[in-house]
Amino acid sequence: HFTTAATSTECFVGFGSFFSKRSVKVGEKVSIGAYCVIGSVDIGEGTLIASKVSIPSGRHQHSTGDAEKKNDEMNVEMISIGAHCWIGENALILADVGDNSVIGGGSVVVKPVPDNVTAVGNPAKVISM
């Protein structure tokens with residue numbers, strides 16, 4: 001609670017999970033399963049994240065240039081996960097997820113997912129609205 005940008009005291013973070021960036025924001029009644037890696041992300045209230053989910057800070061974090069300058073060239077993005085979402089086990093979230101959406105286990109989200117849908121696969125595709 002004291003090491004992030006904003007985190008509700010009414011949330012659960014499972015064993016072995018960690019936040020890799022201070023800019024993380026966690027809403028009320030959020031549940032994060034075990035062994036998750038959470039980067040720069042804003043998680044809406046009531047969202048449930050299963051175990052082993054990775055949410056790095058966008059798709060283009062690593063530099064392709066000079067190794068000595070790699071820290072200067074990192075492109076950290078804030079990922080947004082809406083309220084009341086469900087993210088399945090072992091998913092990789094690289095883009096925004098809208099409110100009330102479901103991401104299937106093992107899915108890789110590379111493009112924004114709209115509100116009120118279910119998306120699955122690699123890359124994740126909307127299968128129901």
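Guide: Strands here are DSSP runs of E, at least two residues long, numbered from the N terminus. The model is a predicted one. On that numbering, Asn 100 is found in the loop between β12 (92–93) and β13 (102–103).

Visitor: Why is Asn 100 called partly exposed?
Guide: Buried means under 20% relative accessible area and exposed means over 50%, with partly exposed in between. Asn 100 has 38% relative accessibility, so it counts as partly exposed.

Visitor: What about Asn 116: where is it found, and what is its phi?
Guide: Asn 116 is in the loop between β14 (108–109) and β15, and its phi is also positive, near 60°. With a relative accessible area of 45%, Asn 116 falls between the two cut-offs and is therefore partly exposed.

Visitor: What makes Thr 47 buried or exposed?
Guide: The cut-off for buried is under 20%. Thr 47 has a relative accessible area of 0%, so it is buried. Thr 47 is in the loop between β7 (41–43) and β8 (48–49). Leaving aside neighbours within four places in sequence, Thr 47 is in contact with residues including Lys 29, Val 30, Ile 81 and Cys 85.

Visitor: How do you know that Thr 47 and Gly 44 make a polar contact?
Guide: The cut-off is 3.5 Å between N or O atoms, one able to donate a hydrogen and the other to accept it. A polar atom of the Thr 47 side chain lies 3.2 Å from the backbone oxygen of Gly 44, which is within that limit.

Visitor: Why are β7 and β10 said to pair?
Guide: Pairing needs at least two bridges. Three bridges join β7 to β10, so the two strands pair, and they run parallel. The open sheet of four strands has the order β1-β4-β7-β10.

Visitor: What makes β1 and β10 edge strands?
Guide: β1 (6–7) and β10 (79–81) each pair on one side only.

Visitor: How many disulfides are there?
Guide: A disulfide needs two cysteine sulfur atoms within 2.5 Å, and by this rule the count is zero. As for accessibility, Cys 11 is partly exposed at 26%, whereas Cys 85 is buried at 3%.

Visitor: Which residues does the cis peptide bond join?
Guide: The cis bond joins Asn 122 and Pro 123, with omega about 0°. Pro 123 is in the loop between β15 (118–120) and β16 (125–128).

Note on methods. Residues numbered from 1 in each chain as written. Predicted model: local features only at pLDDT ≥ 70, side-chain atom pairs only at ≥ 80, totals over all residues. Heavy atoms only, no water. Buried < 20%, exposed > 50% of the residue type's maximum accessible area, 1.4 Å probe, protein only. Contact = heavy atoms within 4.5 Å.
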